[in-house]
Amino acid sequence: MRRVALLGATGSIGTQALEIIAAHPGLELVAAASGSQPVDGLAPLTQVGGDLTELLERAEPDVVLNAVVGFAGLPATVWTLERGIDLALANKESLVAGGELARSAWEQGRGPILPVDSEHSAAFQLLEGRASETVDSLVLTASGGPFRGRARADLAAVTPAEALAHPTWNMGPKITVDSATLMNKGLELIEAHFLFDLPYERIEVVIHPTSIVHALVRFRDGAALAHIGYPDMRVPISYALTYPERAKTPIAPLDLSSGLILEFSAPDEEAFPSLALARAAGEAGRTMPCVLNAANEVAVATFLDGRLPFLGIPEVVERTLNAIEAVEARDFDDLTAIDAEARRVASAHTRQLVH
Ligand code: NAD
Ligand code: MG
């Protein structure tokens with residue numbers, strides 16, 4: 001029996017994880033947590049809000065599925081990594097904001113990190129067992145979101161409802177807006193940098209509207225391997241929870257008789273500046289990815305409230321990045337202070353841009 005602690009149990013990833021756990025006799029749900037929704041009866045140990053590491057201490061899990069949204073997931077990521085407990089990681093924001101911190105925690109525990117983000121699960125599978133010198137680059141695919149193909153001017157008046165209508169994935173609201181701005185791919189770029197220890201110049205992003213190819217790896221001999229499958233998060237969730245068994249899932253096999261459309265193109269960085277902002281913040285390193293993430297969380301929440309225009313999201317992020325200097329975060333308290341400072345600065349810029 002693998003004892004699973006599920007954080008973010010009421011969300012999009014969380015509820016799909018519950019389905020996978022219920023169907024697998026080798027997985028036992030020992031703890032479940034949410035931010036505010038009730039989780040009574042979901043697991044023997046439950047918690048709503050507060051310090052999730054207290055729940056983890058009591059639960060003694062074999063694997064922690066961190067499916068919390070946002071910076072709030074960071075303490076659980078660090079707790080799990082420090083102890084060398086298997087980390088099934090959906091909460092990309094913790095790795096973006098706290099990449100260096102997570103790396104030192106991992107050096108302490110050296111347990112496996114099993115990515116749940118579909119692109120990173122794919123990349124993990126493509127890279128496993130490869131000598132790093134044979135790998136030229138990693139390619140992350142992006143659907144392009146609901147506004148793919150639109151010019152910048154056509155994005156000025158888009159509404160939260162339009163941004164929430166994602167063409168290929170059904171996800172929580174924050175990541176769905178991130179997909180519409182392409183910030184999601186920017187966060188994933190930083191996530192991939194930390195997960196696979198790849199420099200930014202060796203991680204590419206391409207637009208691939210059907211979301212069938214989840215990632216590709218280019219090797220030095222000219223070969224490129226791709227991971228393909230329907231866009232269904234139950235596949236990477238199951239892979240992470242049952243690794244290395246690769247348990248059976250109820251997902252239909254890929255239908256190759258009806259014609260798969262595998263189309264790729266370069267992202268439009270003028271209409272979707274968030275991707276370049278994230279790349280620059282990643283390359284600047286130190287606390288800049290934490291600032292990027294905090295500013296984005298503030299801007300997305302204000303956009304979802306209907307107050308900030310869509311193009312205000314990258315504007316707030318850019319202004320916040322310009323206003324704060326990169327420093328070294330020595331520990332969790334430093335990082336929390338930087339996150340709070342970035343939120344204050346971002347909120348001030350947001351107020352200047354609200355309708
Ligand atoms: P969601 O909004 O549907 O669910 C978020 C969950 O986190 C909820 O259970 C909520 O109660 C919980 N939560 C929020 N704040 C919390 C706090 N302070 N303490 C404890 N719990 C808290 O989000 P989601 O779409 O399931 O995404 C979760 C994470 O997975 C995000 O980091 C997202 O980027 C990542 N992810 C999601 C998908 C997807 O398909 N939904 C795909 C890839 C990666
Ligand atoms: Mg993803």
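**Exercise 1. The magnesium site**

In sequence, the donor residues of the magnesium ion (ligand 2) follow the spacing D-x1-E-x68-E. Work out which residues these donors are, where Asp117 and Glu188 lie, and whether each of the two is buried or exposed.

Solution. Before starting, note that this is a predicted model, in which local features need pLDDT of at least 70 and side-chain atom pairs count only at pLDDT 80 or more, while totals for chains, interfaces and linings use all residues. Residues are numbered from 1 along each chain as its sequence is written, chains are lettered from A and ligands numbered from 1 in the order in which they are written, and side-chain values use heavy atoms, with hydrogens and water left out.

Step 1. Donors are N, O and S atoms within 2.8 Å of the metal (3.2 Å for Na, K and Ca), and since water is not among the atoms, sites may look incomplete.

Step 2. Asp117 belongs to the loop between β6 (113-115) and α6 (118-127), whereas Glu188 belongs to helix α9 (residues 183-196), so this pair ties together parts that are 71 residues apart in sequence. Helices (H or I, at least four residues) and strands (E, at least two) are DSSP runs, numbered from the N terminus.

Step 3. Asp117 counts as buried at 8% relative accessibility, and Glu188 is buried too, with a relative accessible area of 1%. Here buried means under 20% relative accessible area, exposed means over 50%, and partly exposed lies in between (1.4 Å probe, protein chains only).

**Exercise 2. A covered helix**

How many residues of α6 are buried, and what covers them?

Solution. Step 1. α6 is mostly covered, for 10 of its 10 residues are buried; among them are Glu119, His120, Phe124 and Leu127.

Step 1. The cover of these buried residues includes β6, β7 (135-142), α9, β9, β10 (224-228) and α10, where contact means heavy atoms within 4.5 Å.

Step 2. Just after α6, Gly129 takes a positive phi of about 80 degrees.

**Exercise 3. Two helix pairs**

Describe how α12 packs against α14, and how α11 packs against α13, by angle, axis distance and handedness.

Solution. Step 1. Two packed helices are described by the angle between their axes and the distance between the axes. The axes are lines fitted to C-alpha atoms, for helices over the stretch in contact, and the angles run from 0 to 180 degrees between N-to-C directions.

Step 1. Helix α12 (residues 288-304) and helix α14 (residues 332-353) pack at about 45 degrees, with their axes 8 Å apart, and they are therefore oblique to each other. Angles under 35 degrees count as roughly parallel, over 145 as roughly antiparallel, 65 to 115 as roughly perpendicular and the rest as oblique.

Step 2. The crossing of α12 and α14 is right-handed; a crossing is left-handed if the near helix is turned anticlockwise from the far one by less than a right angle, and right-handed if clockwise. Residues of α12 including Val291, Ala295 and Val298 meet residues of α14 including Leu335, Ile338 and Ala342. By class, this contact of α12 with α14 has nine nonpolar, three polar and three charged residues. Ala, Val, Leu, Ile, Met, Phe, Trp, Tyr, Cys and Pro count as nonpolar, Asp, Glu, Lys and Arg as charged, and the others, Gly among them, as polar.

Step 3. α11 and helix α13 (residues 312-323) pack at an angle of about 25 degrees, with their axes 10 Å apart, which makes α11 roughly parallel to α13. Their crossing is left-handed. Ser274, Leu277 and Ala281 of α11 make the contact with Pro314, Val317, Glu318 and Leu321 of α13, and these residues divide into five nonpolar, one polar and one charged.
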